[in-house]
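User: Could you walk me through this structure, starting with how its helices pack and then moving on to how its chains meet?

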Amino acid sequence: MEDCLAKKMEITVSEAEKRTGRNAMNMQETYTAYLIETRAVQSQSEGQCAPVDSLWRRYSEFELLRNYLSVTYPHIVVPPLPEKRADFVWHKLSADNMDPDFVERRRIGLENFLLRVASHPVLCQDKIFYSFLTQEGGWKEMVNETGFQLKADSRLKALNATFRVKNPDKRFTELKHYSDELQSVISHLLRVRARVADRLYGVYKVHGNYGRVFSEWSAIEKEMGDGLQSAGHHMDVYAASIDDILEEEEHYADQLKEYLFYAEALRAVCRKHELMQYDLEMAAQDLTSKKQQCEELATGTVRTFSLKGMTSKLFGQETPEQREAKIKVLEEQIQEGEEQLKSKNLEGRDFVKNAWADIERFKEQKNHDLKEALISYAVMQISMCKKGIQVWTNAKECFSKM
Amino acid sequence: QDLSLPNGTPVDTSSPASSSSLLNRLQLDDDLDGETRDLFVTVDDPKKHVCTMETYITYRVTTKTTRAEFDLPEYSVRRRYQDFDWLRNKLEESQPTHLIPPLPEKFVVKGVVDRFSEEFVETRRKALDKFLKRITDHPVLSFNEHFNVFLTAKDLNAYKKQGMALLSKVGESVKYVTGGYKLRSRPLEFAAIGEYLDTFSLKLGTIDRIAQRIIKEQLEYLVELREYGPVYSTWGGLEVELSEPLEGVSACIGNCCTALEELSEDMTEDFLPVLREYILYSESMKNVLKKRDQVQAEYEAKLEAVALKKEDRPKVPTDVEKCQDRVECFNADLKADMERWQNNKRQDFRQLLMGMADKNIQYYEKCLTAWESIIPLLQDKPETK
């Protein structure tokens, strides 16, 4: 962690700005641009502040960066981006991407993403990432030049397609199952939480009606008037308090969302292992069949049915020269295949080792972060309860003066 | 003075009910504390009776008194709602110039409300207890003969039948007959009371609706919370290190659900009924005001009739004099009752609203305790392996 970028450089996403431009089809579009500011971290001895560098990026560029990182480091659980579209909204929240509250929460999410990458021991060293933070022009071209799109395994996109892997690493199988369950449970939690927020909002707001009616009632009372009027004011305060309470709770929801999307990243790593293992097994299978073919040709026995074998039987055998040529080709292929298998095996073992190391790191991070999130949620609830007690105590005092 | 009500029933003048001593008694009643009070009535112990024809609830009515009007110092009788209803009607008949406290609603929609559920019976018991206590506190009504019989008679039905027979002999209608006179204008002070009551019952109606709406919203919130809590538990089942914290949060939310349920129940059982009682009270008072208008209208009409006759001796005939007395008596009784009502209302609402605030404070305190107790659990470092 000593070497990670986050220690050397201050990174913030400080502003968001609405822009209009023309898209790829030359149609006018509106989008939001985010200002990334970076500054070298000063050591204690230096007195002056380093200058701040800044550049603007839009969400699609963040997406490009993340795709690049996912493909280039398949064994790493790559930090997720904040949600593309507002999801899990309740009636007070806007589902509009241009809504200022959504933009603000996204700004925070994007900053969080950059900080996560910058504090990752492997990812922080990536040059493309560094350029993303520091190089305004030509970055897109630079990324595309890496040719990472070619490396991307299109099979990864087919999330639910099953590949019959005979010997997967059991840990990855379990982990994939866990990531599926985690996604499901956090989604459920976020959905219900949104409904809870909606209902709570309703409860608080209806109390505002007391404010008005107490005020009207106090007008016809002599002794009770003052007490009622001031109690009514407290009811208004109570009704208004829910807005801030629920806004704070959205931060908690965002923390949960991050791990909802992290579960996706975790799954991707498991999937990658699955695919590598599948390719390995296919390659081994192919090698075995080639060896068998070779043996059959050499010994003349046919153990496996093949169309070629049948046709040659029906239409006459090949000449010994032809057979020799075939054997030679096969032997070459077998040698190639054995080398490939060896390197694939090595690759596979390396992948498992490195991936598992990052997964352990991720697990610790997840446990720490979620615990912190739960604590802050409990603190929010405590604060809400205390506010409630305060308001009703004030109201009670007003009633006592009636 | 020969005071008699239009339907011929003589007003008992031997009781301290005449307007002059009324204010004196009011003064005494306002200082009423345990020592000067001489009549205590309580309603409790509801019991279900299953008979061939019907099933019903009776309540025990206990009386403790030192008053001379009662033969014994203590009584304990059982009464059902019908009996309270009968009492109220009797009081309205015999004390038309006074405000009679309201009874809880007579009819309940079968199938919607369970007449025999604990909550309903308890709510009703409290209202009936309040009803009798209000009569007990009233300087005139508490001395009413029917009230006495209600508190003491072993067989109330026999008395009821007796009363009916008597009246049918006399041939008079039981109800207070309105003369059908139209009042030109209500005196300012009574008009003010009327306006006040109109606005007051309107505002109470609004508060009732708001309170009901809040309870509804709270119950909908509760439904969601009940789904929310267990999801944390499910998640805990997937985790190792986070298992306990997540379970803790789940349990915490469960506790908040319980607290919320209690709050809604309390509001339904304690707050709403009292509110509704006062709406009924206002309606009663408005009716008394109308009766007063009738009495005044009769007087004015008779006075006018006399003026038109142009007699030589401007002697006011006795029945016009009687009307005048009736008006004055009614006005005095009504004003006294209104003042007493206003005072009780202030105390009742003070208590009611403070109670509402209290219930909410208790709800938040329960939730606060739950969340505070979970913080150490969440911060707990796992045992190093």
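**Helices, interface and salt bridges**

Analyst: α2(B) and α4(B) cross in a right-handed way, where right-handed means that the near helix is turned clockwise from the far one by less than a right angle, and left-handed that it is turned anticlockwise. Helices here are DSSP runs of H or I with at least four residues, numbered from the N terminus. This is a predicted model, in which local features need pLDDT of at least 70 and side-chain atom pairs count only at pLDDT 80 or more, while totals for chains, interfaces and linings use all residues. Residues are numbered from 1 along each chain as its sequence is written, chains are lettered from A in the order in which they are written, and side-chain values use heavy atoms, with hydrogens and water left out.

User: Which residues make the contact of α2(B) with α4(B)?

Analyst: From α2(B) come D83(B), F84(B), W86(B), L87(B), K90(B) and S94(B), and from α4(B) come H146(B), F147(B) and F150(B), with contact meaning heavy atoms within 4.5 Å.

User: And at what angle do α2(B) and α4(B) pack?

Analyst: The angle is about 165°, with the axes 9 Å apart; axes are lines fitted to C-alpha atoms over the stretch in contact, and angles run from 0 to 180 degrees between N-to-C directions. The two helices α2(B) and α4(B) are therefore roughly antiparallel to each other, a label for angles over 145 degrees.

User: Switching topic, how much area do chain B and chain A bury between them?

Analyst: They bury about 5400 Å², with 75% of it on carbon and sulfur atoms; buried area is the accessible area, taken with a 1.4 Å probe, that two parts lose on being put together, summed over both. In chain B, the residues that lose the most area to chain A are Y228(B), W235(B) and Y364(B), together 14% of what that side buries.

User: How many salt bridges are found across that interface of chain B and chain A?

Analyst: There are eight, a salt bridge being a side-chain nitrogen of Lys or Arg within 4 Å of a carboxyl oxygen of Asp or Glu. E227(B) forms a salt bridge with R195(A), with the closest N and O atoms 2.8 Å apart.

Methods:
Angles under 35 degrees count as roughly parallel, over 145 as roughly antiparallel, 65 to 115 as roughly perpendicular and the rest as oblique.
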